[in-house]
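Hi,

Here's the structure I said I'd pass on.

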Amino acid sequence: MSTPLRIGIAGLGTVGASLANLIHKKQNLLADRCGRALSITAVSARDRTKSRDCDFQQMQWFDDPVDLAKSADIDCFVELIGGEEGPARQSISAALEAGKHVVTANKALLAKHGIELAVMAERAGVLLNFEAAVAGGIPIIKTMRESLTANSVERVYGILNGTCNYILTRMENEGLTFEACLKDAQRLGYAEADPTFDIEGNDTAHKLAILCSLAFGTVIAADEIYVEGITSITYDDISAAKELGYRIKLLGVAQLTDSGVEQRVHPTMVPLESTIAQISGVTNAVAIDADIVGQLIMSGPGAGGDATASAVAGDISDIAKSKPGIQHGPAFGTPTNALQPYRRARMRAHEGGYFVRLSVSDEAGVFASVATRMAEENISLQSIVQHQLTDNSIQPDQQPKPQQIVLITHETTELAIRLALKNIETDGHLNGQAQMIRIEK
Ligand code: HSE
């Protein structure tokens, strides 16, 4: 058997501890499969004294992850620090400059600096692996980077944030408040250090930016994503959607259109009977429409220590199996000098169906005026219903009782629906803001 692969891990939080335990527990299996042992020889973390699920005392400690990254005693640097700048970026750059293979789970950093790091990896002739950065335990990066090489992808979309899916699932199933569900997600270790990244859609956007580059062979364009989170979704939206045969999911969608690439993250209505609607709790799912293979959909745990460690361990194993001196495959599936510029499709040109929920006063003519405003923009309605609001913020003595109008449109454009909603608001029949949710086919 060859010499062991010497691994240095920077960041010993939930994922770092799960990874160390996994490598220890599966040492024989990993050695058999990789043809050499995997050995964690050095680590770096802010606090040496913190009690952890795993014993790191036998390993070499580095206070500075950059020193670990450059150490002559490691072959592979694993970055689990997080953050798009600072120690994470500095240490990965240092490792690549020193000719070390790198594994990272850091989607924020890849979304911002992924191409620059891929260039460095190509120059150094080493691997930059990041399976755990998107959809936790689902092997979507490898699938897109390697297995689909002969396909042209038309659309990639999915549930990419376990925290949001967990919140939406529990709100629907148990009628709990958004805040209570978020607290549980944090307690269970699904949420980001700053949970606004999850609920405002940024975490999904980071992952989508990576998938989009892999799908279309374009440079990463994380700043070109239309992003809406789930903070405005209420139980009334969820139950109105269900009545009409839909479920609300936070989706990230990257799609080729005639006017460029659409990248969008927003709450989305998906048909109740669709596969994506069945994905519940912290589970993630990624669907790909491609010309040769057709549609693929993969689902699995999107967050949590073991799921993420499983993906990181797979990346490390690929490095252990790679042959020294052999040029490695490009990190984003296409050599960096062949990646295409990103051409953004305008959101106002987006075409699709829409769900609209309006809280209105119960007065003559309101229903008709809403329908008229839609017709003025040439929007054809698939269904329109009016009934009393269940919202418990409504005072029992409020007269007349507020009603809600819920409608589903046939395919139209973002521009048309926004104009119609603006005019409806100007008419002055609304109590509060209109809710508009896009429907995904
Ligand atoms: N906060 C992320 C999620 C963790 O909820 O999916 C994995 O990226």
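The side chains of Asp 203 and Lys 107 come together in a salt bridge, at 3.4 Å from N to O (a salt bridge being a side-chain nitrogen of Lys or Arg within 4 Å of a carboxyl oxygen of Asp or Glu). Asp 203 sits in helix 10 (residues 202-216) and Lys 107 in helix 5 (residues 107-124), so the pair ties together parts that are 96 residues apart in sequence. Helices here are DSSP runs of H or I with at least four residues, strands are runs of E with at least two, and both are numbered from the N terminus. Asp 203 and Lys 107 are both buried (buried is under 20% relative accessible area, exposed over 50%, partly exposed in between, with a 1.4 Å probe and protein chains only).

Before you go further: this is a predicted model, where local features need pLDDT of at least 70 and side-chain atom pairs count only at pLDDT 80 or more, while totals for chains, interfaces and linings use all residues. Residues are numbered from 1 along each chain as its sequence is written, and side-chain values use heavy atoms, with hydrogens and water left out.

Glu 376 is partly exposed, at 45%.

The domain assignment, which is automatic or from a database, gives domain 1 (2-137 + 305-338), domain 2 (141-301) and domain 3 (350-439). About 1500 Å² is buried between them, 53% of it from carbon and sulfur atoms; that is the accessible area (1.4 Å probe) the two parts lose on being put together, summed over both. In domain 2, Asp 236, Leu 244 and Met 269 lose the most area to domain 3, together 38% of what that side buries.

Two salt bridges are counted between these domains. Arg 357 and Asp 237 also meet through their side chains in a salt bridge, at 2.5 Å from N to O.

Enjoy!
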